[in-house]
Structures are given as structure tokens and as C-alpha cells.
Amino acid sequence: MSTAPGLSVEELSWGHPLPGSGWRQLFSGFSLSCPPGQFLVVIGSNGSGKSTLLNLVAGTLRQGAGRIHLGGRPLHRLRDHQRARWIGRVMQNPLEGTCPGLTVAENLRLAERRNRPARLASGFLISAFGGIHPNAGDCRRYRELLAGLRLPLADRLDEQVGQLSGGQRQSLSLVMATLGSPDLLLLDEHTAALDPRAEAMVMALTDRLVRQLGTTALMVTHSIEQALSHGDRLVMLHEGGLIGDWNAAEREFLNPAAVRAMYSDAITSMGTISTDATSAS
Amino acid sequence: MFSLWIGAYDQGLAYAGLALGTYLTLRVLNFPDLTVDGSFALGGGTAAVLISQGAPVPVALGLAILFGCLAGTVTGLIHTRLGVNDLFAGILTTTGLYSITLRLMGRSNIPLSETPAGILALPDLGLGLDGQWAVGLTLATLGMILLISFLLATDFGLSLRALGNNPTMARANGINQRRGLTVGIAAANGLVALAGALVATYQGFADVTMGIGSLILGLGMVIIGESVLRPRSLPWALLAVGVGAILFRTMIAIALQLGLEPVDLKLATALLLLIALAFGRLRIPGLSADQGRQEQ
């Protein structure tokens with residue numbers, strides 16, 4: 001069993017049935033390690049396994065075989081809500097990463113409690129008498145937090161999240177994911193649904209929060225430009241395999257055209273590109 | 001004429017637990033729970049058996065709540081552990097509950113001849129027995145609303161609301177969906193069983209078929225309350241549901257006064273709800289055609 005700190009994925013296998021009949025084995029003996037504090041960016045085409053990898057780490061998909069450790073903890077033995085104690089996650093769709101029917105303050109409270117989820121007892125027994133949340137003290141803390149991040153949500157704590165714009169929702173989702181200083185931050189194409197202005201705002205916030213917390217981060221993106229300008233390390237996936245791995249220094253010599261050419265060369269030499277491989281990412 | 005209104009008020013409050021339980025499952029948990037048809041009759045049957053055998057009314061009501069919670073737990077476990085569809089899980093439980101309630105009661109109908117001593121001890125406000133029931137049921141309903149408001153405002157309540165609002169996000173924030181849903185459905189059915197017990201005690205009998213159409217009744221009460229008061233916060237929403245229960249029973253009393261045959265009541269209720277679903281802006285999770293529940 002691995003006890004290395006940071007994120008470690010070893011000998012991971014995962015596949016899914018194809019429509020009709022047949023089976024597609026996406027990952028076979030896939031391994032990847034990410035030292036603590038590293039901001040790892042993952043790129044690849046549709047079906048390469050980027051989002052699937054994130055889902056397997058988060059536990060929303062269960063691996064067929066293999067081990068996933070975070071800070072030495074065997075995540076592969078835990079269910080998704082149990083892994084959430086150490087993992088903050090921002091989804092692709094701004095509506096998915098928040099509860100639109102709850103207020104900004106209520107959403108923040110949920111995230112704040114992530115690493116110590118409410119027990120049945122806290123709802124029904126004596127502790128419930130001091131347990132009304134979010135209370136005035138919580139709201140004061142959230143206002144300071146949002147103002148410190150220069151987010152225009154500090155005065156909108158009582159508004160339902162469904163009333164916020166996509167960029168504001170995704171900013172809130174990002175703040176929620178980093179509350180409680182998680183050991184790992186998973187960013188699943190979290191700017192894909194945003195306009196360029198909101199994308200720039202959310203990415204700036206992402207960089208600031210990751211640096212501020214020093215947390216390990218795994219970001220999946222379709223944008224090569226984004227992949228080349230954020231993070232400490234870039235890896236490229238194709239058909240569940242690692243076909244490129246560059247550290248920050250090596251990445252300095254890359255440009256979008258060169259990455260596209262390398263990707264094209266790699267998949268041509270592998271001869272594995274398929275036209276129907278779109279379901280996994 | 002006044003006895004008609006006070007009677008409708010009393011009946012509405014006796015049914016308030018059904019409306020609150022329906023609100024909890026449909027609006028808070030986003031779970032269309034058909035168990036209520038079975039747990040309402042189970043609550044009524046339990047109370048009738050115990051009271052007719054001399055048990056104190058509070059004990060009978062407490063056991064009715066407990067049995068309702070157990071029924072809800074069974075539905076929750078069938079859905080979350082066995083992966084059975086939400087509607088089908090409720091139908092399975094409620095089908096089984098019919099036999100269980102009948103076994104419990106020993107026969108299909110149990111009459112209760114005496115008014116509970118607790119009700120007789122209350123001030124009658126110059127309205128006689130109906131007034132005493134009104135005082136008792138008002139206190140019971142307000143107590144239920146306060147308790148549920150309080151619980152839903154705690155961290156645990158917030159977790160339940162998050163599960164109904166966005167289960168994916170709730171799980172990503174460490175909330176155990178299986179346990180949360182099961183506990184929520186159990187609590188809702190406890191309320192419904194309490195309503196069944198209160199209705200049986202108020203009307204003086206329990207019948208094994210008294211739960212048929214309970215979900216539709218509860219839904220109608222929730223819709224009327226929300227339409228009339230348009231609540232913007234949770235405590236007001238719960239109060240609106242209680243008011244909806246009274247208004248619903250009042251409408252039934254008026255309809256009966258105007259000559260509607262009692263045998264046609266359930267048909268009239270179903271048609272009214274269908275009109276609201278088809279032409280109104282009403283959207284019910286799992287029941288409206290354009291909405292699907294996100295499965296775990």
C-alpha cells in the first residue's frame with residue numbers, strides 16, 4: 001500500500017458497456033502521481049478519460065481495479081461522500097456545483113461542514129439547540145471571506161444561488177470547494193460553460209485560491225491555451241493512456257500549435273484514434 | 001352553520017400532519033412518496049387498536065408515529081439500498097402495509113366511542129366539544145410546525161434540503177444520501193401516521209381503507225396553502241401547509257353542503273389536482289412529465 005503524500009493513482013482499471021453490446025476498456029493499469037501542492041492540468045480530446053479520471057478519484061465512479069491514495073489514505077475503499085472530507089470539487093455546470101434553491105450563506109455552510117458532516121444526533125439531540133445555521137456569526141465570517149476575495153457576493157448572502165449569474169455561481173462553487181482547506185481540489189472543465197470575461201475571472205480566482213491554500217489541484221480542460229497558462233504541470237491523455245507529461249519549465253517551450261501537432265503525432269503513431277470514443281469524457 | 005366551519009377547521013388540523021409529511025417528502029426531499037397511503041391507515045389503525053383496548057391516547061399516538069417512521073424507513077431502504085425506483089418503492093411498502101394494518105386491527109373497522117380525556121380537559125371557548133378539539137389540534141399543529149422549522153434550520157436539516165435540491169452536490173459535500181433520504185422519509189411518514197391517528201381519534205373510528213388517496217389529499221393541501229400564502233421562507237411555508245389543510249377541508253365541507261355526494265369526493269379531488277398539474281405552473285418532482293429525478 002502506498003503511503004506517499006499527495007495524490008497517487010496506481011494500476012487503475014475502468015471500463016463501461018457500449019450501447020447495444022460490447023465493452024470499452026478505457027483505463028488499463030493507469031498510473032499517475034501528483035506531489036502535494038502541485039497544480040496538475042489534464043488535457044485530451046473527448047473520450048480520452050479526463051473527466052472519468054476525476055470521477056474515479058472523487059468516487060462518483062468506482063474503479064474496476066487499482067488503488068487511489070491521497071496523503072496516504074486509501075480513497076478507493078471509500079464512497080464519494082466519505083472522500084469529500086478531503087476533496088473539494090468544482091463541476092463543469094455551474095448549476096451542478098451548488099444548490100440553486102438554497103441561499104449563498106446556506107451553500108457556504110454546507111461546504112464548511114464538508115469535513116465534519118452533520119450526524120443524525122446533531123439534528124435531534126441536545127446539540128441541536130445551539131445548532132441553527134447559518135447564524136449571524138457564520139454570515140459575518142462568510143462576508144469577510146467573500147470581501148477578502150473581492151467577490152461581489154458579500155452583500156448577497158441571503159439570495160438564492162439560482163438567482164446568480166453563471167460566473168458568480170462558479171466563483172461561489174470554487175470558494176465552496178476550497179473551504180476547509182481540502183487536501184485535493186478537483187476542477188472539471190469548470191470554465192467550459194462561461195463567457196470569456198467570466199472565464200478569466202474564475203481562472204484568476206482559481207490561481208489565487210490554489211496558491212493561497214497550497215493545495216494539490218487536478219484541473220481538466222479542453223482549452224490548450226488555458227492549459228499552457230495555468231498550473232505547474234501539464235499531462236495529456238488519449239484513450240485512457242498518458243501520452244504527454246511536461247513540468248512548468250518544459251511547458252514554457254510549448255505553444256498551442258505545437259501541442260496540437262504533438263497530440264496529432266502521438267495518436268497517429270499509436271494508431272488508436274477512434275470516432276466513437278465520446279462517452280467517457 | 002358555525003358547526004360546519006369549526007368541524008372543517010378541526011378536520012383540517014387533524015390532517016395537517018399528512019400535509020406536512022407530504023411537504024417534507026415532495027418539496028424538501030424531492031421524493032414522491034406513495035408510502036403515505038399506507039402509513040396514514042397504519043397510524044389510524046394503531047391508535048384505534050390501542051385506545052379501544054384502554055391504552056392512554058399519548059401512548060397510542062406515540063406508537064402510531066413510531067410505526068409510521070418504520071414504514072418510511074422500509075421505503076427509504078428499498079429505494080437507497082436496493083436501488084428500486086422511488087415511486088415503486090412506495091407502492092411496494094404501501095401494498096404490504098395494507099395487510100399489516102389489517103392484521104393489526106383484526107378487522108377492517110374499529111369504532112372509538114369515547115373522546116380522549118386530554119381533549120375534555122381543555123377549555124371549550126364556549127364552543128363545546130368542537131372548540132376543545134380546536135384548541136388541542138391547534139396546539140398540536142403549531143408544535144409540529146415549530147419542531148420541523150427548528151430541525152430544518154439545523155445543519156442536519158440543511159443537509160436534507162441540499163439532498164432534495166442537488167443530490168450530486170450534496171454528496172460532493174460529504175452528505176450521506178442513503179442515510180439522509182431514509183431518515184427524511186421516515187420522519188415524514190411518522191407525521192403522516194400521526195395524522196392518521198388524530199383523524200381516527202377525532203372522527204371516532206379507524207378503517208383499513210382510510211389511507212387511500214392520502215398522497216393526493218396531502219398534495220392538494222400543500223398546493224392550496226402555497227397558492228394562498230405564497231411563502232418565502234421555510235417556517236412560513238410550513239405554516240402555509242397547515243393553513244392549506246384547513247382550507248382544503250373547508251372546501252370539502254362546502255362542496256358537501258352544496259350537494260356533492262361523499263362517494264364522489266376522491267374523484268373531485270383528483271380532478272382538481274389534475275387541472276392544477278395540467279394547466280397551472282405547478283411542477284411536482286417525479287410527477288410532472290418534464291422533470292426527472294437525479295438518481296444516485
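Helices are DSSP runs of H or I with at least four residues, strands are runs of E with at least two, and both are numbered from the N terminus. The model is predicted: local features need pLDDT of at least 70 and side-chain atom pairs count only at pLDDT 80 or more, while totals for chains, interfaces and linings use all residues. Residues are numbered from 1 along each chain as its sequence is written, and chains are lettered from A and ligands numbered from 1 in the order in which they are written.

Stay on chain A. Of its 281 residues, 42% are buried (20 or more other C-beta atoms within 10 Å of a residue's own, with C-beta atoms placed from the backbone).

Next, show chain B beside chain A. Here 22 residues of chain B are in contact with 28 residues of chain A; contact means C-beta atoms, placed from the backbone, within 7 Å. On the side of chain B that touches chain A, α7 (128–153), α8 (155–165), α9 (167–172) and α10 (177–203) each supply at least two residues. Select α8(B), which gives the most to that side, with eight residues.

Now select L218(A) and A195(B). In the largest nonpolar core, which has 152 residues, these two touch the most other members. Such a core is a set of buried Ala, Val, Leu, Ile, Met, Phe, Trp, Tyr and Cys residues joined through C-beta atoms within 7 Å.

Finally, centre on A195(B). Leaving aside neighbours within four places in sequence, its contacts include A14(B), L18(B) and F40(B).

Conventions:
Two residues are in contact if their C-beta atoms, placed from the backbone, lie within 7 Å. A residue is buried if 20 or more other C-beta atoms lie within 10 Å of its own, exposed if 12 or fewer, and partly exposed in between; C-beta atoms are placed from the backbone.
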